[in-house]
Amino acid sequence: FALSLLAMSGKFQARNVCVTAAAASKISNVEVLSFVNATLQTDTLHRIEELGTGEYYGLLLNMLFPFMDSEPVNLKKVKFNSKVEIDHINNLRQLQSGLKYVGIDKGINIDKMVKQKPMDNLEFAQWFYKFFDANKTLDTDCYDPVAERTKRGITLERKSHPTFNTSSNQDSRITRPKPLAQPRKLLKNSHKRTENNSPTESIAKINVALMTEQKEKIEKLECKIEDLSLSIEGLEKERDFYFSKLRDIEIRCQQPSGEGTSTSLNVQDIFNILYSTEDGFATPEV
């Protein structure tokens, strides 16, 4: 209730956080991606650099402070699913204005983030991850992000990026985070902060599923590499085998006969060389 009164009086001050290098090293890409997807109940975010579009942060910030007199980020001004850099700049500026609205003067390196480089976006994502955890309330837990997006006509689309298939029969899709349970009805005047809340069990399960999926893919790739290495080794042996035959024929052609200038090699000799085999060599099946 106190938070609501402060928000309506215009004196609301969110909790800022400081993320040290040691703390940041414990927040992985997978954990951040799982957090965003699970919190917004979506499966459209697959790379940390995609956060550089700014649209996900706007949704998360409004979800974090649903009790305020007006939303921190005006979603009508946010350009969703845009591939134009100028729209991404606009989205990040809306985020920066939203942070100031809740009393946080956090510098955002917009020029670097819109380039969608992984490390530049990971640094801010780690800060926002801790900021969200420090400021979430019961109203945040009861917030229904899917219903809010549907009400506003907002859709989130998966960002296109190249995929690498190692087999025509292999399913290269990443395991999608399962949606969270349907949230309870929004509780009015219930803004008690949750203390020392670690990531939810659902996020932990998603992390395990993603790591298991990645481990399986690595094992399949290692098997494929081993098969390719064996194939290359066999082809090299076959190449050397046939080259040696040609070399034998060349040497025999250069050997003069005893009585003239003609060589001592006849057609039958050539056939004998071509169809001779060596130990360990097997004629490949056609």
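Student: Which residues does Phe65 touch, not counting residues up to four places away in sequence?

Tutor: Contact means heavy atoms within 4.5 Å. By that criterion Phe65 touches Phe12, Ala14, Pro72, Val102, Phe131 and Asn135, with residues up to four places away in sequence not counted. The model is a predicted one, in which local features need pLDDT of at least 70, side-chain atom pairs count only at pLDDT 80 or more, and totals for chains, interfaces and linings use all residues. Residues are numbered from 1 along each chain as its sequence is written, and side-chain values use heavy atoms, with hydrogens and water left out.

Student: Which residues touch the most other members of the largest nonpolar core?

Tutor: In soluble globular proteins, nonpolar side chains tend to be buried together. A nonpolar core is a set of buried Ala, Val, Leu, Ile, Met, Phe, Trp, Tyr and Cys residues joined through side-chain atoms within 4.5 Å; buried means under 20% relative accessible area, exposed over 50%, and partly exposed in between, with a 1.4 Å probe and protein chains only. Here the largest such core has 50 residues, and Phe65, Phe128 and Phe131 touch the most other members. At least two residues come from each of H3, H4, helix H5 (85–101), helix H6 (110–113), H7 and H10. H7 gives the most, with eight residues. Helices (H or I, at least four residues) and strands (E, at least two) are DSSP runs, numbered from the N terminus.

Student: How is the packing of H4 and H7 to be described?

Tutor: Two packed helices are described by the angle between their axes and the distance between the axes. Axes are lines fitted to C-alpha atoms, for helices over the stretch in contact, and angles run from 0 to 180 degrees between N-to-C directions. The axes of H4 (residues 55–64) and H7 (residues 118–135) come within 11 Å and cross at roughly 15°. H4 is therefore roughly parallel to H7, since angles under 35 degrees count as roughly parallel, over 145 as roughly antiparallel, 65 to 115 as roughly perpendicular and the rest as oblique. On the H4 side the contact is made by Tyr57, Leu60, Leu61 and Leu64, and on the H7 side by residues including Phe124, Phe128 and Phe131.

Student: Is Glu49 buried or exposed?

Tutor: Glu49 counts as buried, because its relative accessibility is 15%. Glu49 lies in the loop between H3 and H4. Its contacts, not counting residues up to four places away in sequence, are Gln116, Lys117, Pro118 and Asn121.
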